[in-house]
Amino acid sequence: MSVLGVRGLVKRFGARAALDGVDLTLGAGEIAVVLGPTGAGKTTLLRTIAGLETPDAGSIELHGRDATHEPPAARDVALVFQNFSLYPGRSVRANLEFPLRAPGRNLAPAEIQRRVQTAAEKLAIAHLLERDAKRLSGGEMQRVAIGRAIVRQPKLFLMDEPLTNLDAKLREALRVELAALVRELGVPMVYVTHDQAEALSMGDSIHVLAGGRILQSGTPRAVYLRPASPAVARALGAPPMNELEARRDGARWRAADGTDLGPAPADAPARARLGVRAEHVAPTGGASEAEVERVEDAGHQQLLVLRFAGTRLHVAVPRASSWKPGDRCRPRLAPEHVVVW
Amino acid sequence: MKAVRLEQVEKTYPDGTRAVRGIDLALEAGEFVVLLGPSGCGKTTTLRMIAGLELPTAGSIRLGEAEVTRLRPAQRDVGFVFQFYALYPHMTVRENLAFPLEATGVARAEIARRVDEVARHLGLLELLPRRPRQLSGGDQQRVALGRAMIRRPAVWLMDEPLGTLDADLRLTMCEFLRARQLEERVTTVYVTHDQEEALRLADRIVVMSQGAILQAASATEVYDRPADLFVARFVGSPGMNFLAGEAHGTRVRCGTQEFQLARPLAPGQVTLGIRPESVALAVAPEGSGTLRGRVAVDEYLGSSRCLHVDTPLGRIVARVAPDAPGARGEEVGLALDGAHLLAFDATSGRLLA
């Protein structure tokens with residue numbers, strides 16, 4: 001049984017459809033990442049699942065029951081926002097206890113104490129419990145905000161770009177920690193982000209959202225290796241996937257200027273756009289010549305920017321290669337990794 | 001003559017906070033230098049002092065031959081763009097872009113030509129007749145960037161100019177910015193906390209922490225030979241792995257493991273460092289240079305995977321091929337490539353060998 005089933009969800013603000021028929025399914029203990037640019041509808045989707053917005057059409061199923069019209073409190077979901085909304089002037093402990101002291105919860109003081117302590121230890125903020133929330137660093141504040149979601153022991157986490165306001169370095173460490181923690185707790189999560197590395201790294205599934213519609217859903221591997229459209233390809237991967245306009249000439253792909261781009265499958269269309277990732281292009285072994293325009297250091301690898309077939313082609317090569325601007329080469333696109341659109 | 005020269009530049013605020021602690025930095029004409037560091041490291045304060053938006057409490061700043069330490073921003077030939085764009089709300093995008101040129105008396109036809117060119121590169125052509133409040137945050141950011149780049153001042157100063165853009169746009173802007181800078185040869189100081197951006201753009205990276213410069217070197221040098229533990233951890237995604245050990249000549253003992261270095265060290269406590277891509281999955285039995293541990297996190301990153309492995313020597317991250325073995329919960333062996341081991345002084349954190 002799925003934990004969450006969103007079907008045909010539509011939400012309009014005036015004439016504009018922020019969500020335009022969204023489907024999303026989440027299994028027990030899974031992390032679903034919704035990836036999309038600003039304005040794609042990500043936050044509206046989370047708010048609608050949480051019950052903070054009423055959909056104009058479609059349904060939301062939580063643990064097998066229809067929750068479309070349930071009030072937020074009945075849904076047992078915990079939301080974490082981009083802006084850590086803590087109570088300044090109150091201690092970390094008071095901030096963590098707050099959701100547990102809500103009217104109607106009726107938890108014993110010992111139970112509150114236990115939950116706060118457990119969450120604080122898991123998030124490595126136990127030493128900060130008595131500190132005033134306004135004296136925390138950004139990273140610490142976001143840990144407390146996540147802690148407030150954890151203590152509630154909800155059935156579902158909904159997180160809206162919780163790491164966006166943090167330094168790149170901290171974001172990278174926290175994404176690993178957060179995914180590991182959520183998996184350990186076994187609570188499923190819908191995680192919204194515009195950061196493609198977060199999406200690949202954290203998700204059991206990725207759902208690429210644009211203009212209120214899901215462009216593709218699948219495992220990170222499936223979406224990364226076989227993007228359904230150029231729009232999806234552009235959303236994932238750094239550098240983005242190379243795109244080449246091609247026509248089929250017998251058993252070969254050719255660019256507009258006649259450049260041979262490699263073998264074409266027999267059933268391929270006469271005209272297509274080809275997509276190939278930088279790591280699936282070798283600088284040598286191809287049929288046509290290119291020129292190295294730039295060599296970029298990208299940490300663990302180098303990126304060659306080639307002038308090829310009237311466009312630019314990114315090629316990933318190992319670090320400390322001897323390629324330099326002006327060099328000539330013959331790039332080869334690995335045929336098994338060429339996506340045809 | 002250097003295009004920009006900072007000597008013993010200091011900034012202490014009235015409350016006693018030392019934001020910048022006597023830094024020296026010189027830029028060659030046409031050089032692209034990136035100031036990189038976490039929040040609060042002093043990089044933005046440094047940039048603002050070069051711009052003249054803040055005055056140093058000690059030291060001197062020269063742009064070319066001119067001493068500008070106490071000059072107002074308008075008296076310095078600099079163009080700047082900040083993360084939080086400031087556009088003129090009553091002007092259209094075209095007027096905003098043209099403004100810096102009109103102030104300098106460029107011919108009308110030439111202004112129109114340059115505005116169109118910049119707008120085309122930044123994808124702003126359709127937005128030219130609009131006003132800032134009709135634009136999204138990302139579009140406003142692009143206009144701000146375009147406005148800074150339309151003029152060719154002695155120095156461009158940029159504070160996270162791509163900060164609010166979406167990833168794909170960010171990369172395009174990055175490439176445009178660099179291409180344009182190379183074409184115009186404008187000396188550029190660029191502030192970011194994003195090290196991938198720094199690696200991609202910079203002729204030279206200046207890593208800052210707590211108001212001091214820890215290292216100023218090429219991207220390759222900073223990555224391969226970080227000056228200290230902070231730089232090693234900060235640069236690289238994920239950062240370098242560390243192991244505590246004790247040096248005996250060319251051998252370093254870490255717990256029950258022993259590693260071989262290329263160069264001998266003085267006896268004492270050291271911290272070994274190794275990049276995730278220099279850690280491989282090992283099939284060989286436990287022995288010199290092989291560590292066993294359990295995979296705590298298996299992070300798929302598209303072109304590679306990062307296995308976060310808990311070993312008796314602490315957590316080690318290995319960058320492996322997307323289809324390599326090693327799933328979450330499994331036990332694996334790790335081989336550390338001795339040729340890529342660095343040794344740091346355990347106390348000072350400085351690079352030894």
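How many residues of domain 1 of chain A are in contact with domain 2 of chain A? There are 4, and they meet 4 residues of domain 2; two residues are in contact here if their C-beta atoms, placed from the backbone, lie within 7 Å. On the domain 1 side of chain A, the residues that touch domain 2 comprise 3 nonpolar, no polar and 1 charged. In this scheme Ala, Val, Leu, Ile, Met, Phe, Trp, Tyr, Cys and Pro count as nonpolar, Asp, Glu, Lys and Arg as charged, and the others, Gly among them, as polar.

Before going further, please keep in mind that this is a predicted model, where local features need pLDDT of at least 70 and side-chain atom pairs count only at pLDDT 80 or more, while totals for chains, interfaces and linings use all residues. Residues are numbered from 1 along each chain as its sequence is written, and chains are lettered from A and ligands numbered from 1 in the order in which they are written.

Back to the two domains of chain A: domain 1 covers 4-235 and domain 2 covers 242-340, with bounds that come from an automatic or database domain assignment. Their centres, taken over C-alpha atoms, are 39 Å apart.

Let us now look at one residue, Ala287(A), which sits in the loop between β15 (281-282) and β16 of chain A. Helices (H or I, at least four residues) and strands (E, at least two) are DSSP runs, numbered from the N terminus. Ala287(A) is partly exposed because 13 other C-beta atoms lie within 10 Å; a residue is buried with 20 or more such atoms within 10 Å, exposed with 12 or fewer, and partly exposed in between, with C-beta atoms placed from the backbone. Setting aside neighbours within four places in sequence, Ala287(A) is in contact with Asp260(A) and Arg330(A). Arg332(A) is 45 residues away from Ala287(A) in sequence, yet 7.3 Å away in space, C-alpha to C-alpha.

Next comes the meeting of the two chains, to which chain A brings 33 residues and chain B brings 32. On the chain A side, α6 (168-185), α7 (196-202), α8 (220-225), α9 (230-235) and β16 (290-297) each supply at least two residues. The most come from α6(A), with 5 residues. By type, this side of chain A divides into 15 nonpolar, 8 polar and 10 charged residues.

Chain B itself has 8 helices and 18 strands, and 46% of its 353 residues count as buried. In helix α2 (residues 93-102) of chain B, the buried residues are Val93(B), Asn96(B), Leu97(B) and Ala98(B). These buried residues of α2(B) pack against α3 (108-121) and α4 (137-149) of chain B.
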